[in-house]
Amino acid sequence: MKGKHRSGIRRKYLRYTVALLLAALLLTFIAVWFFIRNNLTAAVMDSYEFMTERMGISLDGLFEKSDEVTAECILNDDVQASLLSGGLSGTDKSSLSKYFAYVDLDDVDEYCYVDNNGNTYTRSYSKITYEDFLESGLAEELGDDYASTQWFWAEDNLFSDGEKALFIGRYVRNMEYSHEPGMLFFKMSPDYLARVWDEDEDEELAQDVFIGVTDDGGEMVASWFPAGEEMTPEELGDVADSVGAGEPSTVNVLSVKGGELLTYTQKDCGFTVFTFVPNRVLTGGMMRVVTVLILIYIVILVAAIILSIFFSNRFTRPIRQISDAMSRFDGRDFSNTIELATGTELDQIGSSYNEMLANIKRQVDEIRQQEEALRTTEMNMLIAQINPHFLYNTLDTIYMLARLNREGTTMKMIQALSTYLHICLSKGSDMVTVSDELENVKSYMEIQQIRNRDFFNYEIDCRVDSDNIMVLKLILQPLVENAMNHAFDDIYQTGFIRIKVYMDGGELVFEVYNSGTPMSDEMVEKMNGLMDMPVVNLQSAFTGKQHGYGVVNIITRLRLKYGGGVRFYYEVDGEGTRCFIRIPQEDWA
């Protein structure tokens with residue numbers, strides 16, 4: 001508990017300091033988070049917006065190139081001649097088939113030109129009939145368009161067994177005559193759409209995002225994903241729903257589930273190139289900044305705690321000194337003063353505390369001196385109450401014996417009285433050895449036996465080192481006197497008194513037994529209750545004739561000498577009454 005009290009101020013100071021610092025750091029972190037997040041997000045999105053725009057421009061370029069190539073094919077003389085009613089000769093047909101193989105368009109896997117006479121022109125190894133063409137369904141893809149170039153993503157039932165591919169198609173019409181149009185189709189390889197992004201230039205940017213191309217219906221026709229990752233069905237659905245949502249030929253930024261979507265739609269073919277930027281990419285740079293911020297904040301927090309501990313120790317050390325000194329003060333040691341030199345108000349507190357200790361010490365010394373003087377006076381008064389009383393009775397006995405001229409008995413009584421008075425006086429000291437106290441009560445009992453022949457017998461049983469143990473004097477004689485005056489009044493045979501001195505559990509025990517009339521239970525309870533009363537009230541506590549002043553005298557002196565540790569009580573059995581005095585070892589050793 002003292003440790004907690006000593007460190008309470010410092011702990012509270014540290015708690016408040018750390019709490020205030022954490023609050024300040026948290027607020028700055030929130031502000032920095034939003035500010036940097038917005039700026040980093042804007043910077044990242046600018047980079048991907050520029051990349052998407054560049055891919056869109058590449059897509060524009062691919063379409064324009066395909067439109068130019070198909071336009072050149074239409075203007076070819078053999079192509080125009082193939083639309084006439086006479087058609088081409090066999091040699092011209094073969095030449096025209098080879099012509100399409102050398103058009104200025106990269107990544108053409110297959111081609112098919114169908115004139116309005118039902119003739120097909122393909123690579124020499126392709127054996128495709130007009131019926132095959134009609135069954136492939138490619139003609140329906142051109143729809144009602146008149147003569148513009150069209151891109152479409154469709155199943156290839158003409159050159160393969162249904163695998164989807166990018167086709168570039170266009171109606172071919174005669175420039176001079178009105179005839180049914182022919183149809184020209186190029187099947188493009190997957191590498192064709194890969195040209196929309198520059199792998200060398202955009203590889204670092206594209207490694208964490210999803211890039212793809214969709215047709216005008218939102219179906220994915222080409223895609224480039226980070227290694228080991230795929231777009232979820234929900235994300236693919238967002239892409240499909242967002243195609244065509246923005247303005248064509250410009251980059252549109254849309255917030256979708258899981259990230260940001262940038263789209264660029266080619267205005268003529270309707271194909272869209274997109275970049276899907278996941279949230280982790282947007283926050284990746286932010287997390288690096290946050291990591292740096294956290295490290296900085298940890299350094300600041302540790303430094304603040306160290307400095308707070310240093311300054312709190314400096315400021316609270318004098319307070320702890322005062323607290324420790326006051327906690328250790330037990331009311332007896334007045335030497336534990338405080339020496340402070342802080343140059344603050346605490347120095348005055350320390351000085352006032354030292355002055356308070358000095359004043360308390362003076363008052364305690366005065367009270368102790370007064371108590372010692374009071375105890376000495378009380379002891380002398382109590383002893384003085386006993387000596388004249390007994391001396392009067394003894395002298396009266398000597399007087400009676402002198403009248404009977406029994407000189408030998410007189411000498412014995414005078415010798416016992418001399419011993420008794422010698423121990424009673426004991427040169428003014430209130431402490432005697434156990435041996436002297438037993439000798440004193442023995443002298444008293446011998447005198448009483450001379451006075452009252454055959455009135456009682458006695459026995460003394462001492463089982464301690466009586467010559468080396470000091471005890472308060474005159475604590476046994478009043479008990480023997482009470483036994484003779486009260487316990488033996490109602491008996492008609494010789495009484496018996498036994499005095500035992502022994503050790504019991506570290507206590508010095510005096511036991512006085514008498515065989516007279518047992519003390520009543522009410523009297524035992526009343527007598528034993530005297531030990532619980534304040535010393536100042538004992539003198540007026542009990543004035544009954546069966547008691548006299550002897551017991552009060554003993555209890556008062558025992559309490560004044562030994563304090564609250566001493567015990568005095570009576571016990572009654574069927575044969576008599578026992579009185580016990582128990583003195584703790586620490587009080588007599």
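To begin with a question: which residue lies over the face of Tyr 146? That is Arg 173, at 3.9 Å from the ring centre. Arg 173 also has its charged end over the ring of Tyr 171, 5.6 Å from the centre of that ring. Please keep in mind throughout that this is a predicted model.

Now the chain as a whole. There are 589 residues, and 42% of them are buried. The secondary structure consists of 16 helices and 17 strands. Among contacts with a separation of 6 or more, 63% are between residues 24 or more positions apart. The chain exposes about 32,000 Å², and 52% of that comes from carbon and sulfur atoms.

Next, the aromatic rings. A pair of rings is described by the distance of the centres and the angle of the planes. The count here comes to 16 aromatic pairs. Take Phe 100 and Tyr 111: the ring centres are 5.9 Å apart and the planes are at 45°, so the pair is tilted. The reasoning is that planes under 30 degrees apart would count as stacked and planes over 60 as edge-to-face, and the rest are tilted. Where do the two residues sit in the chain? Phe 100 is in the loop between helix 3, residues 90-99, and strand 1, residues 108-114, while Tyr 111 is in strand 1 itself. They are 11 residues apart, and the pair links distant parts of the chain.

Staying in strand 1, look at Val 114. Val 114 has a relative accessible area of 1% and is buried. What is Val 114 in contact with, leaving aside its neighbours within four places in sequence? The list is Asn 119, Thr 120, Tyr 130, Phe 133, Gly 182 and Met 183.

On to charges. Side chains of opposite charge can pair when their charged atoms come close. The count of salt bridges is 14. One of them joins Arg 195 and Asp 106, at 3.6 Å from N to O. Arg 195 lies in the loop between strand 5 (182-188) and helix 6 (199-206), and Asp 106 lies in the loop between helix 3 and strand 1, so this bridge ties together parts that are 89 residues apart in sequence. As for accessibility, Arg 195 is partly exposed at 41%, and Asp 106 is partly exposed at 46%.

Arg 463 meets Asp 461 at 2.9 Å, N to O, and Arg 463 counts as exposed at 56% relative accessibility. Arg 578 meets Asp 573 at 2.2 Å, N to O, with Asp 573 partly exposed at 27%. Salt bridges with shared partners also join Asp 504, Glu 507, Arg 567 and Arg 582 into one network.

Now a nonpolar item on the surface. Which residues form the patch? They are Ile 294, Leu 295, Ile 298, Val 302 and Ile 306, with about 450 Å² of accessible area together. Ile 298 is placed in helix 8, residues 279-328, and is partly exposed at 45% relative accessible area.

Last, the backbone. Leu 474 is another non-glycine residue with a positive phi, near 60°. Its loop runs between strand 13 (470-472) and helix 12 (477-487).

Terms used. Residues numbered from 1 in each chain as written. Predicted model: local features only at pLDDT ≥ 70, side-chain atom pairs only at ≥ 80, totals over all residues. Heavy atoms only, no water. Phe/Tyr/Trp six-rings, centres within 6.5 Å; stacked < 30°, edge-to-face > 60°. Helix = DSSP H or I, 4+ residues; strand = E, 2+ residues; numbered from the N terminus. Lys NZ or Arg CZ within 6 Å of the ring centre and 35° of its normal. Patch = residues over 30% accessible without salt bridge, like charges linked within 9 Å, V, L, I, M, F, W, Y side chains within 5 Å. Areas by Shrake-Rupley, 256 points an atom, 1.4 Å probe, with all protein chains shown as cover. Salt bridge = Lys/Arg side-chain N within 4 Å of Asp/Glu carboxyl O. Buried < 20%, exposed > 50% of the residue type's maximum accessible area, 1.4 Å probe, protein only. Contact = heavy atoms within 4.5 Å.
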